[in-house]
Amino acid sequence: MFGKWRQKLHLEPPVGWLNDPNGLCFFGGKYHVFFQYSPDSADGSGKKCWGHYESPNLLKWQFAGTALSPDIPEDRDGVYSGSAIIADGKMELFYTGNVKESGNHDYIRSGRGANVIRVSSPDGRNFSPKKVELKNSDYPEYCSCHVRDPKLWEENGQYYMILGARTLSDEGCALIYSSKNLDEWRFEKKMSVPDFGYMWECPDLFSVGRQRFLSISPQGLKHSDTKHQNVYSSGYFRAGKGTLKHFEEWDYGFDFYAPQTFEAPGGRRILIGWLGIVDSPYTNPTVSAGWQHCLTLPREITVSGDGAVLQNPVCELERLRGTELAVLEGECKHIPLPCELSGKVDGSFELTLDGTLTLFYDGKKFRLAFAEGGLGSGRTVRNCAMEACRDIRVIADMSSLEIYLDGGRKVLSTRFYPDGEAVALHARGISLKGWRLNGMEVDIYGK
Ligand code: FRU
């Protein structure tokens, strides 16, 4: 019914459109993945709601329906992005209620309401009435009306909320609020970096070990051959006392934006991103079949001994491994989708898929290149500077590749649209081994 590009390892909207992951948490024995969802249109023009998937193990998923839709004046033009926090045995959801006033407005400096709204749930299925926690007049006077995407956490008995914002002088920044009870909020501080975009979306402040990170999705960064190649970016700073340093992109591929992290049982920090982006010159042909976009695989974030941030697919996915596959150096073989392949890198290599999509490393730079008219639906070339690359691991789904390089130091994600359920893979300068993967169990009809 959905055609050949329906994914088997990635969460997609049952129908319609998906963008950012929202409200990620583990609660009541289950993982909860909410997401920006427009069930009524695949092109992103419909009303924004929160869709909801639940899973006991990150492998078996059930669609739990539309959790939140615009139904009060304060969120009438969209239940925008937000997060979950577990407090006093309840799931507390905080999101941005988007309001567009009618009239002659630019919707940057006037005409837009950005309300932080809270909803409580005892079980992730039933929700309390909505309560407005913050509105435009509660934000610092230097803010434009672009203030959104609350992410909450608790620290030393105090709750905190971070919001992304655009100032009146077009500076991207994050705002931090604190609260004792999730209900009365006090503005603490603004975080920003000179000359770093005009808007920061989807901020997330979290720690891995002793290192604190600020993840943001900034808009308006300068593009170069190896950096910030997409229309909008997404990455993290290392946050020190009053400092934000060494911005690094989460993903160098064509399709990645607005990630969010959460802490899983056992203390794992897991990141899920949107395997998509808006306002790009390339497209996704699934729209004509009634849906568009998916989330990334859940990625565990760790810090290596030398301080590098590593992203790797959560280990649960190893349970999907089926029959073994191998493509030895010099061979060209048809490999089934979905699959996982990895290999040791010795200096340089080139992998070609269906003769038109090339993954190339020359000892200095990794390059992902689609030939014109090939599998990329308008995607061209993405580069990632790497002085060393010891290994590559690729997780290929029916219409996406996630490429993990050098132990997860760099990642590139892209959609691709092959003709069938297998691709011809030609390996030069590298041998790959791996597995055919079984699909996740996803019940999109839910209950
Ligand atoms: C990021 C974003 C968020 C916003 C949401 C609306 O992709 O623009 O800032 O809350 O999408 O869908």
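Three strands, β1 (16-27), β5 (79-87) and β9 (143-155), each supply at least two residues of the shell around the ligand. Keep in mind that this is a predicted model.

Let's walk around that shell. The residues surrounding the ligand are Asn19, Asp20, Gln36, Lys48, Tyr80, Ser81, Arg148, Asp149, Glu201 and Tyr257. Sorted by class, the shell has five charged, three polar and two nonpolar residues.

The table sets them side by side.

| Residue | Atom on the protein side | Distance to a ligand oxygen atom |
|---|---|---|
| Asn19 | side-chain N or O atom | 3.0 Å |
| Ser81 | backbone N or O atom | 3.1 Å |
| Arg148 | polar side-chain atom | 2.8 Å |

The ligand sits in the largest pocket, which has a volume of about 630 Å³. This pocket is lined by 26 residues, and Lys48, Tyr80, Arg148, Glu201 and Val278 are the ones that lie nearest its centre. The elements giving two or more residues to this lining are β1, β5, β6 (90-100) and β9. Of the contributors, β9 gives the most, with three residues. By class, the lining of the largest pocket has ten charged, ten polar and six nonpolar residues.

Two or more lining residues come from each of β1, β5, β9, β13 (199-208) and β17 (257-263). Which strand provides the largest share of this lining? That is β9, with five residues. The lining of the second largest pocket divides into eleven nonpolar, four polar and six charged residues.

If you follow β9 through the model, you will meet it at each of these places. The strand supplies at least two residues of the ligand shell, gives three residues to the lining of the largest pocket, and gives five to the lining of the second largest pocket.

Cysteine 202 has a positive phi of about 45 degrees, although it is not a glycine. You will find cysteine 202 in strand β13, one of the elements that give two or more residues to the lining of the second largest pocket. The other detail is a cis peptide bond, which runs from leucine 337 to proline 338 and has omega near -5 degrees. Proline 338 is placed in the loop between β23 (332-336) and β24 (339-344).

Terms used. Residues are numbered from 1 along each chain as its sequence is written. This is a predicted model: local features need pLDDT of at least 70, side-chain atom pairs count only at pLDDT 80 or more; totals for chains, interfaces and linings use all residues. Side-chain values use heavy atoms; hydrogens and water are left out. A residue is near a molecule or strand if one of its heavy atoms lies within 4 Å of it. A polar contact is a pair of N or O atoms within 3.5 Å; within protein, one must be able to donate a hydrogen and the other to accept it, and residues adjacent in sequence count only if both atoms are side-chain atoms. On a 1 Å grid over the protein atoms alone, a cavity is a set of points where a 1.4 Å probe fits but cannot get out, and a pocket is an open set with protein on both sides within 12 Å along at least five of seven lines; lining residues have an atom within 4 Å of a point. A molecule sits in a cavity or pocket if more than half of its atoms lie within 2 Å of its grid points. Helices (H or I, at least four residues) and strands (E, at least two) are DSSP runs, numbered from the N terminus. Ala, Val, Leu, Ile, Met, Phe, Trp, Tyr, Cys and Pro count as nonpolar, Asp, Glu, Lys and Arg as charged, and the others, Gly among them, as polar. Grid points are joined across faces, edges and corners, and a volume is the space filled by probe spheres set on the points.
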